[in-house]
Amino acid sequence: MSALHLDALLEQPGHGGIEVLVRAADAWDRVEVEPDESTLERASATTFAIIVTASATRAWQLDALVRRVRDLGITGLALPGGTAVSAGTASLAARVGLTLVRAARPTSLARTCWELTTSADALALSLVRRVAQTIQYAARDLPDQLRHLAAGIGHGVALVAPHGIVQQAGPELDPSVLAHIDFDRWVDRLEHPAGTVASVRVDSKGSDRLRLAFHGRALSLRQLAALASAAEIAMPAVAARILIDEVEERDDASRSSSLLSELLDPSASHDPELDRRVAERGWTTEGWHVGFAVQGRGRVEPLEVLRLLRPSLAALRVRAHSTIRGAGAVGWLSFSSAPSRAELSAAIAALRERHGAWLLQLPVATGVGTLQRGVAGFAQTIHEAMDAARLAADRSAADWFLHVDRLGIDQLLLAWTGSDAFLPAARGLLEPLRVDDRRTLAAYLDHESSLAATASALGIHRNTVAQRIARVGQELGMDLADPEVRLALQLAVRAAPAR
């Protein structure tokens, strides 16, 4: 007979609804079930006694029962549900070292104790039966199936990979245990201070080193073995659900990608049917948008990139949408009205923060476009973002993140590659400037940043040139002392001259 541990009992489903009133002893070598307190006998070992029906109901009777139980050598006592235990009785039990619990269903408690201490096969069979009952019901998706499993077995359920917890339901798994799971074994049983885990490798071609884990806080070895058996039974159903979800996910991503292609096609007509399909997706082309693109650096599947993005985008305070396109995924932030500079900066900062988290899981590069309005602007910011992501893939110094907001050396490179994104970006950059300031900036850059030569060429005073150039720097938020900035600005004013 195996020892009975209170923590393991509390975690076991079907424990009869026990409530711990006094905790003194934590483990017992023997379990006795008695119809009432009159049949209690002297214990030859540390004993946990379960009383099915109690005749002692008054405080003085319960006090006498506590003393008698301890005199018999019993260190754990389960009273039937409904037994009123006073503070005085509880205090007495604590003084004499008696663990006192109350069970709503004493017979269920007795069966669970028997499973935990006597029959490992019965314990495993009970869990396997619950798993079988759970998986016979159709789940909507993988999270729904994991929720059903967690409810069925009464323990936490998680899908884990070496990089972290993929999905989970029920009590949460402590992430610190992941480093101690053997991801190469078919079945792994782990006892750790942060939790006990039974895991099995998921047999799925599309999920490398993924494991199904059943876990608890302080499970016994018998419970751990039973959970391992239950996990093996549940794994094929979970693997099948993963495959079904993946097929549905690929189909959905393909449909959304095709819809985006129609929106980005300048020759396509935006008829009511297209608008209806866009609305069904929850997308909008009205208002203001900032496009972003995330592509893999190396051999990374676009759908894998999309899976990485979606959970973190859902937590943004701005409406965000995404789908696969090209070598990765593209998305956009939508605003119903023009955001303030502070709101826009906060949104871009949130994207940069998430990019940092994405890098911990996949080698990706992220590009962000400029703020644009309406259908035409929607297409423009998406194209800008894709160009920026392509350039960001070669920019390790900037953590593979590029925002097309200010026309630096990256946009100069865009111009050299003949990208269509350069001219709109140049116009957008120079838009805050007055016509006179733009003309002065063009002359200033053409005359090698000489105030005197610029003043002579324009026929104005040198101080006027200095004031205008200072104002340009303030309006653009750029340092004109930087040679790369001056070179890029010179290209911009030539591409989009003042009129």
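**View 1. Contacts of histidine 215 in a predicted model.** Leaving aside neighbours within four places in sequence, histidine 215 is in contact (heavy atoms within 4.5 Å) with His155, Gly156, Val157, Pro171, Glu172, Leu173, Thr196, Val197 and Leu227. This is a predicted model: local features need pLDDT of at least 70, side-chain atom pairs count only at pLDDT 80 or more, and totals for chains, interfaces and linings use all residues. Residues are numbered from 1 along each chain as its sequence is written, and side-chain values use heavy atoms, with hydrogens and water left out.

**View 2. Histidine 215 in its strand.** Histidine 215 lies in β12, residues 211-216. Strands (E, at least two residues) and helices (H or I, at least four) are DSSP runs, numbered from the N terminus. Histidine 215 is buried, at 5% relative accessible area. Buried means under 20%, exposed over 50%, and partly exposed in between (1.4 Å probe, protein chains only). The histidine 215 side chain reaches the backbone oxygen of proline 171 at 3.4 Å.

**View 3. Helix α2, end to end.** Just after α2, glycine 73 takes a positive phi of about 90°.

**View 4. The two sides of α2.** Leu62, Leu65, Val66 and Val69 are the buried residues of α2. Down the axis, they fall within an arc of 100°, so they line one face of the helix. The arc uses directions from the helix axis to the C-beta atoms. Their cover includes β5 (47-51), β6 (74-80) and α3 (87-96). Exposed Trp60 and Asp71 sit on the face turned away from the buried side.

Conventions
Polar contact = N/O pair within 3.5 Å; in protein donor to acceptor, adjacent residues only side chain to side chain. Expected span 1.5 Å × (residues − 1).
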